[in-house]
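Subject: Handover of a structure and notes on its contents

Dear colleague,

My notes on it follow directly after.

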Protein chains: 2
Amino acid sequence: MVYYRSMATAETAAAAGASELDRVFGALSDPTRRRIVSRLSHGEATLTELAEPFDLTMPGLSKHVSVLEDAGIVHKWRVGRSRYCRLIPERLQEADEWIQTQTAFWNQRLDGLQNYLEGEDQ
Amino acid sequence: MVYYRSMATAETAAAAGASELDRVFGALSDPTRRRIVSRLSHGEATLTELAEPFDLTMPGLSKHVSVLEDAGIVHKWRVGRSRYCRLIPERLQEADEWIQTQTAFWNQRLDGLQNYLEGEDQ
DNA sequence: GGTTTAGTAAACCATATGGTATACTATCGA
DNA sequence: TCGATAGTATACCATATGGTTTACTAAACC
């Protein structure tokens, strides 16, 4: 089941120099943007709906959403004069996998160390 | 069907300064620091060992490691005139869990939508 | 003791970031 | 058509960031 395609934002963002993971982690490093992601994880929303819980001007909110869009975390489209947003989980999952890979290596190494200390490795 | 409610979750805890997740995600948003984490996921290293693959001055490398340290991702200690670093996986796993929570909510919602479309929900 | 090695501290620079205000475009409703 | 609504564009500001160079401290080696 395909929920979206094409991702025009990924191309424009790639031209800007920073890598995909740079932008994803960078986007998540701001608490306002994490709250936006949290909100969107529960369903689509317009920009004004997103702005509501924040003490932020519309241009400010709009810029945050653009950062999420450039990171490929959020897809935005137009309905009348409103802009709707929804989450794109794939990029988030790539970031997730990167972290898991690192911690897996580390834990594997610790397991090896423990085996060694227990003499099971010799 | 209600897709979300309120979301005053962990944000109240992050009242002052940069929160833990801010620093963890911010630390991972730089490619040099991700390479350092990758290196450390395979085992401890001194700062000079860490610096070796990079085209970076020592002060530059040292500052990157400090960022990882402030984020709680890396522990640093002294042996003679060397500084050793090792990974602290716990903070990384917290970041991991945050992402998983968001994508889980989203996928859950999509499952609900699919059930609805297949008529299993009525 | 003197020199090299490992790293930190401080000052500095260019650019990025998060925020604002103001002006603008486009759509909806009366 | 006219005004309100939804959002973008642009310009601007203060601070943060990634990087440098130049000192400096502390341990190791001869």
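The notes below take up the relation of the chains, the surfaces near the DNA strands, and then some local features.

Please bear in mind throughout that this is a predicted model.

Relation of the two protein chains

Chain B is superposed on chain A by a rotation of 180 degrees, with 0.0 Å of shift along the axis and an RMSD of 0.0 Å. The two copies are therefore related as by a two-fold rotation axis. Both copies use the same surface, in that 85% of the contact residues of chain B recur in chain A.

DNA strand C

The surroundings of DNA strand C comprise 20 residues, and the closest are Arg33(A), Lys63(A), His64(A), Arg78(A) and Ser62(B). By class, the residues of this surface near DNA strand C are 4 nonpolar, 8 polar and 8 charged. At least two residues each come from helix 5 (58-70) of chain A and from helix 3 (47-51), helix 4 (58-70) and strand 3 (82-87) of chain B. The greatest contribution to the surface near DNA strand C is that of helix 5 of chain A, with 4 residues.

Sugar or phosphate holds 74% of the atoms of DNA strand C that lie within 4 Å of the protein, and the rest belong to bases. In one, a polar side-chain atom of Arg33(A) is 2.7 Å from a phosphate oxygen of DNA strand C. In the other, an N or O atom in the side chain of Lys76(B) lies 2.9 Å from a phosphate oxygen of DNA strand C. A base is also approached: an N or O atom in the side chain of Arg81(A) lies 3.1 Å from a base oxygen of DNA strand C.

DNA strand D

DNA strand D is surrounded by 20 residues, of which Ser62(A), Arg83(A), Arg33(B), Lys63(B) and His64(B) are the closest. Of the atoms of DNA strand D that come within 4 Å of the protein, 73% are accounted for by sugar and phosphate. The surface near DNA strand D divides by class into 4 nonpolar, 8 polar and 8 charged residues. Helix 4 (47-51), helix 5 and strand 3 (82-87) of chain A, together with helix 4 of chain B, each supply at least two residues of that surface. Here helix 4 of chain B gives the most, with 4 residues.

Both side-chain and backbone atoms of the protein approach phosphate oxygens of DNA strand D. A polar side-chain atom of Arg33(B) is 2.7 Å from a phosphate oxygen.

Asp22(B) belongs to helix 1 (residues 20-28) of chain B. With a relative accessible area of 12%, Asp22(B) falls under the 20% cut-off and is therefore buried. Its contacts, leaving aside residues up to four places away in sequence, are with Ser29(A), Asp30(A), Pro31(A) and Arg34(A). With Arg34(A) there is a polar contact between the two side chains, at 2.8 Å.

The N-terminal end of helix 2 of chain B is capped by Asp30(B), which has a side-chain oxygen 2.8 Å from the backbone nitrogen of Thr32(B). Within this helix (residues 31-41), Thr32(B), Arg33(B), Arg34(B), Ile36(B), Val37(B), Leu40(B) and Ser41(B) are buried. After helix 2 of chain B comes Gly43(B), which has a positive phi, near 140 degrees.

Chain A has an open sheet of 3 strands in the order 1-3-2, with antiparallel pairing. Strand 1 (45-46) and strand 2 (74-79) of chain A are its edge strands, each pairing on one side only. Strand 1 and strand 3 of chain A are joined in the antiparallel sense over 2 bridges, and Ala45(A) stands opposite Cys85(A) of strand 3.

Ala51(A) is located in helix 4 of chain A. Ala51(A) is counted as buried because its relative accessibility is 13%, under the 20% cut-off. Apart from residues up to four places away in sequence, Ala51(A) touches Met58(A) and Leu61(A).

Yours sincerely

Key
Residues are numbered from 1 along each chain as its sequence is written. Chains are lettered from A and ligands numbered from 1 in the order in which they are written. This is a predicted model: local features need pLDDT of at least 70, side-chain atom pairs count only at pLDDT 80 or more; totals for chains, interfaces and linings use all residues. Side-chain values use heavy atoms; hydrogens and water are left out. Buried means under 20% relative accessible area, exposed over 50%, partly exposed in between (1.4 Å probe, protein chains only). A polar contact is a pair of N or O atoms within 3.5 Å; within protein, one must be able to donate a hydrogen and the other to accept it, and residues adjacent in sequence count only if both atoms are side-chain atoms. Contact means heavy atoms within 4.5 Å. A residue is near a molecule or strand if one of its heavy atoms lies within 4 Å of it. Ala, Val, Leu, Ile, Met, Phe, Trp, Tyr, Cys and Pro count as nonpolar, Asp, Glu, Lys and Arg as charged, and the others, Gly among them, as polar. Copies are superposed by least squares on the C-alpha atoms of residues with pLDDT of at least 70 in both. Two strands pair if DSSP finds at least two bridges between them.
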